[in-house]
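Morning, everyone. Please bring the structure up on your screens, and I'll walk you through a few parts of it.

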Amino acid sequence: MGAHNHGVEVNSIDTEQVRETHYGFLGSYLGSNEKAKDAIFYSYTKYINGFAANLEEEEALEISKHPNVVSVFPNKPRRLHTTRSWEFLGLERSNGRVPSESIWTKAKFGRDVIIGNLDTGVWPESESFRDEGMGPIPSKWKGICQNETKVGVRCNRKLIGARFFSKGYESVAGHLDPSIHSPVISMATAPTPSPPPPAAPYPAPPSSVTPTAPPKVAPPPPVSPPTRFARTFYVCWPSVGEDGGCFDADILAAFDAAIYDGVDILSASLGGDSAGDYFTDGIAIGAFHAVRHGVTVVCSAGNSGPAPSSVTNVAPWIITVGASTIDREFPSVAVLGDHEHIKGQSLSATFLKNNQYPLINSADASKTTNKSDAQICLPNSLDSKKVKGKIVVCLRGQNARVQKGSVVLQAGGIGMILANDEASGDEVISDAHVLPATHITYADGLKVYAYLNSTRKATGYITHPKTMLNTKPAPFMAAFSSQGPNSLNPEILKPDITAPGVSILASYSEAASPSTLDTDTRRSAFAVESGTSMSCPHVAGIVGLLKALHPDWSPAAIRSAIMTSARMRDNMREPMKNASLAKATPFSYGAGHVRPNRAMDPGLVYDATTEDYLAFLCDNGYNSSQMASFAGSKHYACPKRRSSRLLSMNYPSITVPRLAKGHARVVRRVVKNVGGPGTYKAHVQALVGMSVKVVPEELVFKSVGEEKEFRVFVEAKNGGGGGAGYVFGGLLWTDGVHYVRSPIVVRA
């Protein structure tokens with residue numbers, strides 16, 4: 001058996017001697033402290049007490065039997081979950097001005113709030129990191145700008161820190177080239193866009209990647225927005241085979257450093273392929289310690305939708321964000337030889353003249369008799385003799401959308417029509433294709449394929465992309481956005497919220513191409529990107545504004561404000577839809593689409609403490625020794641009374657995943673008044689086949705900070721539900737000014 005690297009977490013000890021204690025502990029198994037020093041590549045010495053080491057399987061097994069060892073788990077890889085949006089969120093007007101009622105204004109643009117990111121690095125030269133007009137760096141900041149003089153990472157009063165963590169990656173993939181051993185994105189990394197700096201957008205100039213000169217994100221306010229951006233804690237590196245390049249050992253080290261450095265919010269656009277056990281999940285462990293120290297952690301839900309139960313980062317102490325569209329498109333029309341006009345989307349920098357060109361189905365241009373690879377335009381699947389000089393119709397799936405265009409171009413094609421598969425429905429994305437291209441819906445793809453099958457001389461052309469605003473419907477859920485139910489704890493609804501994540505204009509590394517393809521030589525300071533990796537920093541920015549406005553609010557209170565103020569309707573005042581334009585559910589959008597201005601005055605919040613999360617872990621069956629590390633003491637006794645506490649975790653949503661027909665379940669919640677004296681009345685949005693009763697139906701608050709408990713009785717009526725599985729509804733508390741809404745999800 002070869003060597004494996006493992007994360008080991010031990011009970012809390014004196015942090016000043018923790019590293020030597022780790023060496024002594026492991027040395028007792030390996031034979032000497034010197035061998036232990038060679039094996040250990042991280043000692044977590046600040047807030048997470050443990051170490052990461054290269055161990056044989058049998059060594060890891062023996063260590064796991066020690067009474068003071070909480071857990072031993074592999075150094076698992078994670079994957080990256082890789083403008084107009086601020087106006088769409090109501091933070092600014094169409095003329096770029098920030099209204100006085102905006103949370104931006106009221107929160108003073110997030111003054112001195114420190115936001116950190118866990119991702120692939122930073123491009124310090126970006127206009128997003130201008131620091132004109134900013135005062136001194138907050139005294140609480142302890143972070144550094146790693147390798148600043150060696151590799152030129154230029155931090156300032158806006159970008160106040162940057163660190164990299166690679167030992168976990170290198171223990172698996174070997175040593176990195178020293179030239180990329182820095183927090184700066186370089187050509188050798190797996191680059192992702194620098195998301196819009198939370199609460200601090202800047203103008204986006206036209207570029208070769210955005211030839212249509214889309215509307216600017218927002219003009220800078222009179223002075224530079226004072227949110228501090230500790231971007232980045234660089235934990236993601238080039239992919240290792242089929243594995244992602246973000247490893248748990250590095251992620252834990254980054255969390256440990258971020259807490260110590262003094263961040264207020266952590267944004268992590270990465271995660272596993274599925275929800276894992278909390279005690280073997282580096283993100284869940286790191287996030288718990290962060291939240292325990294008052295740091296709000298925001299994570300992406302994942303890009304594995306629309307498959308059910310694909311959502312990741314499901315721990316209840318994390319804010320989990322799905323991705324949805326905004327009301328801006330970059331239309332590019334495919335004009336077929338039969339005069340059919342089919343609108344798609346694109347950001348192709350090159351374009352064809354409005355002449356008719358030969359059109360071919362990629363499956364008919366296959367190099368082999370097996371047409372399946374050619375149908376989706378996989379590398380080396382197309383016959384250049386059949387493709388040369390033609391527009392190729394490719395089907396979405398398996399490989400990257402921009403890579404399909406590169407495959408067509410390399411085979412001699414002059415353009416591409418990318419048609420959605422059925423699962424992707426109406427979700428079309430504006431990509432910076434390397435050739436003239438347009439991305440069309442599944443229904444329109446059927447029209448194109450029907451045309452191809454109707455004639456031996458199919459022709460067409462593709463128009464140059466333009467910009468279209470106020471499109472409808474918007475938002476709707478992205479097909480790629482990972483969905484619930486929560487596979488680890490179905491009692492907790494995930495994702496929590498959705499935010500803009502499709503075709504988002506963001507600052508970008510000029511060390512990499514906007515398509516991320518090695519053959520693409522283009523460079524741009526801005527690019528349009530899609531993924532829950534883009535929706536996550538939107539919410540992190542909003543959290544920063546709420547933290548500035550309400551510095552005494554806990555991470556749970558901030559999450560509650562965001563969730564209970566969300567909307568579930570689009571700009572046509574219809575229920576939000578999914579990518580196929582069918583009605584979406586809370587398994588797609590959680591509590592709904594984020595509304596920052598409503599979140600700053602939610603009226604009531606569902607608060608939670610570390611003790612609540614520890615009780616939650618106890619209810620999941622973890623023993624006292626496992627709980628000790630999370631509790632921060634050697635002795636932690638789980639509460640004896642458990643009953644149905646998982647259902648009564650004080651969460652802003654209500655989920656009952658198992659309810660026998662003819663039976664009732666009771667769910668308890670506590671709300672805290674943050675909106676002044678008032679009387680709130682309960683209103684229940686009916687669930688099909690269910691009887692829902694709230695006791696009491698009225699809550700009277702006399703002062704801020706006052707808490708009230710209520711119970712929700714949910715009963716499945718005989719014959720109710722029709723065996724259809726989950727049904728959805730909601731609970732609304734209102735005093736006539738505030739509207740505090742929680743989704744209710746029940747499975748009979």
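Predicted model: local features only at pLDDT ≥ 70, side-chain atom pairs only at ≥ 80, totals over all residues.

Residues are numbered from 1 along each chain as its sequence is written, and side-chain values use heavy atoms, with hydrogens and water left out.

When I say helix or strand, I mean DSSP runs numbered from the N terminus, with at least four residues (H or I) for a helix and at least two (E) for a strand. Strands pair if DSSP finds at least two bridges between them.

Back to our pair. Strand S28 (residues 664-673) and strand S32 (residues 707-716) are antiparallel, paired over 9 bridges. Alanine 664 has glutamate 715 of S32 as its bridge partner. S32 also runs antiparallel to S30, and 6 bridges join those two. There, valine 694 has valine 712 in S32 as its bridge partner.

So what order do the strands of this open sheet take? There are 4 of them, ordered S26-S28-S32-S30, with antiparallel pairing. At the edges sit S26 (604-605) and S30 (690-695), each pairing on one side only.

Now the helices. H8 (residues 248-261) packs with H9 (residues 282-292) at about 10 degrees, with the axes 9 Å apart. Those axes are lines fitted to C-alpha atoms over the stretch in contact, and angles run from 0 to 180 degrees between N-to-C directions. H8 and H9 are therefore roughly parallel to each other (under 35 degrees counts as that). Contact here means heavy atoms within 4.5 Å. On the H8 side, the contact is made by Asp248, Ile251, Leu252, Phe255 and Ile259, while H9 brings residues including Ile283, Ile285 and His289.

How much of H9 is buried? It's 10 of the 11 residues, so H9 is largely enclosed by the rest of the structure; buried means under 20% relative accessible area, with a 1.4 Å probe and protein chains only. Among the buried ones are Phe288 and Val291. At the start of H9, a side-chain oxygen of aspartate 281 comes within 2.9 Å of the backbone nitrogen of isoleucine 283. After H9 comes glycine 294, with a positive phi near 85 degrees.

Helix H18 (residues 610-619) is mostly covered too, with 7 of its 10 residues buried. Tyr613 and Phe616 are among them. Just after H18, glycine 621 has a positive phi of about 95 degrees.

Last stop: aspartate 496, in the loop between strand S22 (468-469) and strand S23 (497-500). Is this residue buried or exposed? Aspartate 496 is buried, at a relative accessible area of 0%. Its side chain makes a polar contact of 2.7 Å with the side chain of tyrosine 651; that term covers N or O atoms within 3.5 Å, one able to donate a hydrogen and the other to accept it, and residues adjacent in sequence count only if both atoms are side-chain atoms. A polar atom of the aspartate 496 side chain also lies 2.9 Å from the backbone nitrogen of threonine 320. Leaving aside neighbours within four places in sequence, aspartate 496 has contacts including Ile318, Arg559 and Tyr589.

Definitions and conventions: Parallel < 35°, antiparallel > 145°, perpendicular 65-115°, else oblique. Buried < 20%, exposed > 50% of the residue type's maximum accessible area, 1.4 Å probe, protein only.
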